[in-house]
Amino acid sequence: MSTLDISVQHVGKEYRLGASRRASAFWALRDVSLDVPRGSSVGIIGRNGAGKSTLFKLLAGITAPTTGRIVLNGHLAALIEVGSGFHPELTGRENVFLSGSLLGMTRREIAGKLDRIVEFAGVRQFIDTPVKWYSSGMYVRLGFAIAAHLEPHILLVDEVLAVGDAEFQARCLQRIQELRVQGTTCLFISHDLTAIERLCNRAVLLERGEIAAAGAPADVVATYHRRIIADANAPGAPVAVALKSGVTLTNLSMHDPDAPDSVSCRTGGPLLVSLKYEATRRSPAIEFELRIYAADGKTRLATLRTGERGDEISVDAPGGTIEFAVATLPLGVGMYYLGALARDIVTNTTVAWWDGETRLHVQDGPRSGGQREIPHTWRHIQADAGDRTLAASVRISPPG
Amino acid sequence: MSRPTVIYEPPALRHIHPLAALRRLRQFRDLFITLSLHRVNVRYKQSRLGILWAVIQPLAMMVVFTLMFTLVRANPGGSVPFPLFAYAALVPWTMFSSGLSAASAALTSHASLLTKVAFPREILPLTYVVAALVDFVLSCAVLAGLMLWFGVTPSATVVWAVPAILLLVAFLIGLALLLAAMHVRYRDVGLAMPLLLQVWLFASPVLYGLAAVKDALPEPLYLLYTLNPLVGIVDTFRRAIILQQSPDYIALGISAAVALSLLPVSYLYFKYVELTIADAV
């Protein structure tokens, strides 16, 4: 059991920005060492730009390290961005072969697994349709299904689980559990801290290209939270100020008021988000902010503020709940992240930050279609026989 | 499935083992096949004339040059009709030029793939060489038709076409790997390609015979001229198929030496650049 499947030894990766020789260089990773024993699961967490993706690319063999070395024991498969190898003109079946062979499978292996892949992705009806006609959900499902059937010795998973609907995500997790039971060594890179805690027996926190913490997932995730909170207040607002403000955000949850038990909501449907806070003393002017991020966790799509019209909230011990309500949710089908913060309007400092990686699953609404629900009005103008404008425009339309 | 040990280290020529690289390439042979088929299928899929484009290019050039030489009342082909003389050399030339210009851009045109998936990158330029070979076979069929039309029958010398084609493929692969790898770092390669191919056409015995050059150039200059591997290759191909002559052994020997020594060198260079290709594309 002591065999190491992955051994990262003092690895550094330098990137040069720009083409010239004197271009500035920066180290995306610096002296990173990491040993992953056979059969274990390790989660890599850290903020954007901490070096997670660089480490992933080095392990996947996409690019070579600048210093140090990496030793892998066994076949490695990387799920980097599902559907990367797809060609839109080719059918689903042809793309399974193309994508599978890009991942190193032989045609025979793929042919043997084709049925299971198609079944897993749930695209049987459309397998001979060019993938350019696929919905983005089908595309992603097929991409993951191929990679999930590779049966490698070492599996790298990078944020792929942030795609697809809740049911498909559950199926992906189940598949990963199956692979783990079979003894596959797994390495996850994710923003989804709950998934890391559930799937991994070790976690590593990367910060500015270096390992900042390693150990039991719960401990590392806790360290990560502490640092995020500290940093959110960092510039000109040290931690002490945050503590003095006495406000902490304790829970962020959402529900569809029409279906209180559901964890997801629908395009064009209502959305209700509750943000719970605790306060140790009175603060006269606090503004709460709810942020909606895209699935990449970076792109901020919207900010909902309580202080929009200059309203300020006076908070006092022991705390309370802010409810944000959206009547018709203008988001397309997919997964989003929610973030929240509290700001002191008087000092203009962030006093509390929610970083629980709360997910928002948006499902297809009964009356919607497409990527966005666009609020609209409409009217119907009946053309009657006496409507001369219409009749005239028809008459003059043939030229000459 | 056996467990291979894979080691990733900083790029250094001494860490590159050509045999290990070839073994890995062999592992991915199905990707090579799939991508090559895809290349051939997709290329002409959305065009009206489809696969005809494979033969239109050498044929059109043959027509243009025939008109030109008719105007100046010259026939570099001697006893052989000029259209046939030109076409027999344009067939290998077109394979070389179209294969090289597509293959040298193979990496830069697949940037998103290179930054997301790890596979032997030489497969990308190689698939364009396969596509050029398919076009080559089609234009050879047209060549056979032209020979029937002009009443030219090949003799036993035709077997010399085989080493000529093999050398052409070897040279094309060697140069394509070199230029594709350079293209990632120096975009000038893509810009220089049309000019390079234009000059190269006239520096090779396509529109004229090798014998004429031998007569016209002094010895040292002629030797320099034959360092261009296409000289021996194109000339041998034409002699073998339509002139019923055995090759100019010296020219062919020089071509073989240049082409076969370029191939391993450029493969090594390619594998070296490959290690950090994803950072540059």
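Is A:Cys200 buried or exposed? In this predicted model, A:Cys200 is buried, because its relative accessible area is 8%. A:Cys186 also counts as buried, with a relative accessibility of 0%.

The structure holds zero disulfides over all chains. A:Cys186 is in no disulfide, and the nearest cysteine sulfur, that of A:Cys200, lies 8.2 Å away. A disulfide is a covalent bond that joins the sulfur atoms of two cysteines. The cut-off for such a pair is a sulfur separation within 2.5 Å. The sulfur of A:Cys200 is 8.2 Å from its closest cysteine sulfur, in A:Cys186, and is therefore too far away for a bond.

The sheet comes next. Six strands of chain A form an open sheet in the order β5-β6-β7-β3-β8-β9. The pairing is mixed. Strands β5 (76–79) and β9 (210–215) of chain A stand at the edges. Each has a single partner strand, so one side of each is left without a neighbour in the sheet. From one strand to the next, the twist averages 15 degrees.

Within this sheet, β3 (residues 41–45) and β8 (residues 202–207) of chain A pair in the parallel sense. Four bridges connect β3 and β8 of chain A. A:Ile45 stands opposite A:Leu205 in β8(A).

A helix packs on the sheet as well. Helix α1 of chain A spans residues 52–60. Helix α1 touches β3, β5, β6 (154–158), β7 (185–189) and β8 of chain A. The direction of α1 makes about 150 degrees with that of β6(A).

Methods:
Residues numbered from 1 in each chain as written. Chains lettered and ligands numbered in written order. Predicted model: local features only at pLDDT ≥ 70, side-chain atom pairs only at ≥ 80, totals over all residues. Heavy atoms only, no water. Buried < 20%, exposed > 50% of the residue type's maximum accessible area, 1.4 Å probe, protein only. Pairing = 2+ DSSP bridges. Helix = DSSP H or I, 4+ residues; strand = E, 2+ residues; numbered from the N terminus. Axes fitted to C-alpha atoms, helices over the stretch in contact; angles between N-to-C directions. Contact = heavy atoms within 4.5 Å.
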